[in-house]
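Welcome! Let us walk through this structure together, one part at a time.

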Amino acid sequence: MRDTGIGISREQVGCLFKAFSQVDGSTTRRQGGTGLGLAISRRLIELMGGRIGVESVPGAGSTFWFEIPFPVAEDQQRPDQPDTTLLQGVRVLIVDDNETNRLILDRQTLAWGMSAEMAADGARAWEMLGRALRDGCPFRLLLTDMMMPGMDGAELIRRVKADPGLAATRAILMTSIGRSTITDRLRESGLAHCLTKPVKRALLAEIMVRVLKELPPEGVAPGPSAAAMPRKPILGARLLLVEDNPVNQKVTLRQLQTLGYRADAVCNGMEAVVVLRTIPYDLVLMDCQMPEMDGYEATRRIRAMEERRREQLTRMEPDRPHPESRRVPVVAITAHAMSGDRERCVEAGMDDYITKPVRIEDLKDVLVRWLGAEELPPKETP
Amino acid sequence: MKDAHPAGGDGLWQAPGGDLWRDLIPDIDERAARKRVDSSAVDEEVRAMFMDQVREALADLRRSIPAGDAMAVRRVAHMFQGTGGAVGVPEITILGEALSAAARAADWGRCADLAERLRRWHVANGGEASGAP
């Protein structure tokens, strides 16, 4: 929500979401209210696993925003909506030179629990496909625009299909030009599914599910399970920070940003469990002592949830490995460095730990240990 | 007397002098040094957030220490322990540890002394001057 009102200073923003606080707390203030509205909004949004915030310039106005992850209710899907369970955790490379289109597709795929990476042109996409293959975690889906400067979508798909290493990567071409000789040829030769833009959300999901259900081509072994993979999602990795103290949260997020990582933050273990149902994070940094649900209990629940998902997928498709049911590394952030703490963390299902105050060097070490090190872009194409 | 570490967070913090807490915790400098980390992530925004937290924590201590509410005091101490180092003032972490230990031992006199030093630190850094806890 955006306004062109009086705006709020940086100092005042700090207390804006606290109960009974008003930007103008003086007895002569012109605005009424109890100062509870934003505090209640924050509480409600955080209970739903979301975040609320404000950007404001004094004298120019304010923009209030919030975001909440919404899982799809398993038993209440509309009959015309495809079952997107199969999409959860699937790695997809989205290629489009239009930033808005990339953003829309990123959000859509995120809502289905997919793990998406973006490329703005065909050459960059080709490079990313090669690197992912070398890292042992190839993309299962390639969702590419047709018309792009340099290497277009059709050429990208031809290259992918000509490379035996990428045989298990399925391609979907999005085109705004409708039927053409090029797209017809691609479709008829079975190299790609084609969709006309603007692509409807439900249709995109349906096509992706259909594509994933296809068996790999004859003679091509399915990819190794994620547990066996030397996973290196590196700086493109998506991290979840679980920390109740807003100061520590902010400091750690900045440290992560300095190291080049992207992270979301939630305030307690319960919120972490809720968002992990929907979003396939690559690693969780978990504070141990938190109100409502501590890090130990949250990790136990996350492990139980992963186990249930694994069993469910194995029941559905017993003959296929299920990389999407992987175990997310959980790194404890503990105030204690005493013996016995590590054992307690391991017992709860955590994989590693660092101590408070968090040293950026420790953070870097633990992330490299679990996510791998950044590599320079390859000089040669796959 | 030698000054306590005068700042942290790249010069964001001021401590009025070593006697602020060294008489209560003689080895505070040595212990704090072990918890000092790079605080380049701390800026004015983080500073303001922490000052707000300390203000609220002091208000909690003003209620909980006279009431002998050990759980409440330890909750506040936990915040100091977990956050002081992160914002570049590991002395606050050590004070939090001492406060927690004092509350566990029901040593309310020491709790009040420690809280008073925290209040003075808060005031020295621009926090509002309020009554002793």
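This is a predicted model: local features need pLDDT of at least 70, side-chain atom pairs count only at pLDDT 80 or more; totals for chains, interfaces and linings use all residues.

If we set aside neighbours within four places in sequence, A:Asn245 is in contact with B:Gln53, B:Met79 and B:Thr83. Where in chain A is A:Asn245 found? This residue belongs to the loop that runs between strand S8 (238-242) and helix H8 (246-259) of chain A. A:Asn245 has a relative accessible area of 8%, so the residue counts as buried, the cut-off being under 20%.

At the start of H8(A), a side-chain oxygen of A:Asn245 comes to within 2.8 Å of the backbone nitrogen of A:Val247. From here we can follow the helix itself. H8(A) has 14 residues and spans 20 Å from its first C-alpha to its last, close to the 20 Å expected at 1.5 Å a residue. Its buried residues are A:Val247, A:Asn248, A:Gln249, A:Val251, A:Thr252, A:Arg254, A:Gln255 and A:Leu256. What covers these buried residues of H8(A)? On the chain A side, the cover includes S8, strand S9 (262-266), strand S10 (283-287) and helix H12 (360-371). Chain B contributes as well, with helix H2 (44-67) and helix H3 (70-84). After H8(A) comes A:Gly260, which has a positive phi, near 95°.

The side chain of A:Glu243 meets the side chain of A:Lys356 in a salt bridge, at 3.6 Å from N to O. A:Lys356 sits in the loop between strand S12 (352-355) and H12 of chain A, whereas A:Glu243 sits in the loop between S8 and H8, so this pair ties together parts that are 113 residues apart in sequence. Are the two partners buried or exposed? A:Lys356 is buried, with a relative accessible area of 11%, and A:Glu243 also counts as buried, at 2%.

Other salt bridges link residues within one helix. Over all chains, a search of the whole structure finds 30 salt bridges. One of them joins the side chains of A:Arg210 and A:Glu206, at 3.3 Å from N to O. These two residues are 4 apart in helix H7 (residues 201-213) of chain A, which means that about one helical turn separates them. An α-helix has 3.6 residues a turn, so residues three or four places apart point the same way. A:Arg210 is partly exposed, with a relative accessible area of 42%, and A:Glu206 is partly exposed as well, at 36%.

B:Arg34 forms a salt bridge with B:Glu30, and their closest N and O atoms are 3.6 Å apart. B:Arg34 and B:Glu30 are 4 residues apart in helix H1 (residues 28-34) of chain B, so about one helical turn lies between them. Both B:Arg34 and B:Glu30 are exposed. Elsewhere, salt bridges that share partners join A:Lys250, A:Arg254, B:Asp43 and B:Glu45 into one network.

Now let us step back to chain B as a whole. Chain B has 5 helices and 0 strands, running α-α-α-α-α from the N terminus on. Of its 133 residues, 55% count as buried. Among the contacts in chain B between residues at least 6 apart in sequence, 64% join residues at least 24 apart. The accessible surface of chain B comes to about 5600 Å², and 49% of that belongs to carbon and sulfur atoms.

Our last stops are back in chain A, at helix H4 (residues 122-134). This helix has 13 residues and reaches 18 Å from first C-alpha to last, close to the 18 Å expected at 1.5 Å a residue. The N-terminal end of H4(A) is capped by A:Asp121, with a side-chain oxygen 3.1 Å from the backbone nitrogen of A:Ala123. Buried residues of H4(A), among them A:Trp126, A:Met128 and A:Leu129, pack against strand S3 (91-95), strand S4 (115-119) and helix H5 (153-162) of chain A. Just after H4(A), A:Gly136 takes a positive phi of about 85°.

Technical notes. Residues are numbered from 1 along each chain as its sequence is written. Chains are lettered from A and ligands numbered from 1 in the order in which they are written. Side-chain values use heavy atoms; hydrogens and water are left out. The expected span of a helix is 1.5 Å times one less than its number of residues. Buried means under 20% relative accessible area, exposed over 50%, partly exposed in between (1.4 Å probe, protein chains only). Contact means heavy atoms within 4.5 Å. A polar contact is a pair of N or O atoms within 3.5 Å; within protein, one must be able to donate a hydrogen and the other to accept it, and residues adjacent in sequence count only if both atoms are side-chain atoms. Accessible areas come from the Shrake-Rupley method with a 1.4 Å probe; for residues, only the protein chains shown count as cover. A salt bridge is a side-chain nitrogen of Lys or Arg within 4 Å of a carboxyl oxygen of Asp or Glu.
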